[in-house]
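Dear colleague,

I am passing on a structure for you to look through, with some notes to read beside it. Please open it first and keep it in view as you go.

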Amino acid sequence: MMTHLLNAGLMTLGLALVSLAVGMVLAVLLCGAEMSRWRLLRLPASALTTVLRGLPEILVVFFIYFGSTHLLFLLTGEYIEFSPFWCGVTALSLLFAAYAAQTLRGALNAVSRGQRQAAQALGLPPLHTFVHIVLPQTWRHALPGLSNQWLVLLKDTALVSLIGVHDLMHQAKSAAASTYQPFTWYALAALIYLAITLVSQQGLKRLQARVTRYD
């Protein structure tokens, strides 16, 4: 039983890492769209982030899981059930992206416009200015916020147990039901969550120290 719980812990970690990777890509796209001068890009991106930030996380998970199946049924007339794992990844990625996009936008705005103007005055190309001057500073400003959102994402993975993903919470619930020892198994699940969080925090502290080593 303990082996199953540890395997479920690995499943939770994998779910969180995949959602983080997909969510970061979406966050960059949303941030770029929201800062675009074209309303056709800016308005849909703002509407999507507003909706995602305004809904409870569990509703987003249910909408993605049940809504995707229902929508496909309306379009094709066939009932096709999507993978709970990938529906969970989609929901968690969208939620992470909605908040991370605002963090990235704030970090980009925190970089002084004067630095871009100075680089332009020196004749540096815009792409070179962005990659070598703006991006490193943006990363330094954004890292604390993104670190916090990673920890929130890690805890939100527990929500996908409600759509059938065999994650840590799902396994703890199954073990508690079969052994009639709910406190023991939920306490073990809590310890695994805390262990992942502590390891994450140590890694993030080292990363933070690295990016601010010249401050």
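The notes below go through the aromatic residues and then some points about the helices. Please bear in mind throughout that this is a predicted model.

Counting rings whose centres lie within 6.5 Å of each other as a pair, the model has three aromatic pairs. One of them joins Tyr-65 and Phe-66, whose ring centres are 4.9 Å apart and whose planes meet at 70°, so this pair is edge-to-face, since an angle over 60 degrees falls in that class. Tyr-65 is buried, with a relative accessibility of 9%, whereas Phe-66 is partly exposed, at 48% relative accessible area. Phe-85 and Trp-86 also make an edge-to-face pair, with 5.1 Å from centre to centre and 90° between the planes. Looking again at Tyr-65 and Phe-66, you will find that they belong, together with Phe-62, to one aromatic cluster.

Turning to the helices, α5 covers residues 113–121, and its N-terminal end is capped by Ser-112, which places a side-chain oxygen 3.1 Å from the backbone nitrogen of Gly-114. Just after α5 comes Gly-123, which has a positive phi of about 85°.

Further along, helix α8 spans residues 182–211 and includes Pro-182. This proline is partly exposed, with a relative accessible area of 42%, and the C-alpha atom of Pro-182 lies 8.0 Å from that of Ala-172, although the two residues are ten apart along the chain.

Key
Residues are numbered from 1 along each chain as its sequence is written. This is a predicted model: local features need pLDDT of at least 70, side-chain atom pairs count only at pLDDT 80 or more; totals for chains, interfaces and linings use all residues. Side-chain values use heavy atoms; hydrogens and water are left out. Rings of Phe, Tyr and Trp (its six-membered ring) pair if their centres lie within 6.5 Å; planes under 30 degrees apart count as stacked, over 60 as edge-to-face and the rest as tilted. Buried means under 20% relative accessible area, exposed over 50%, partly exposed in between (1.4 Å probe, protein chains only). A polar contact is a pair of N or O atoms within 3.5 Å; within protein, one must be able to donate a hydrogen and the other to accept it, and residues adjacent in sequence count only if both atoms are side-chain atoms. Helices (H or I, at least four residues) and strands (E, at least two) are DSSP runs, numbered from the N terminus.
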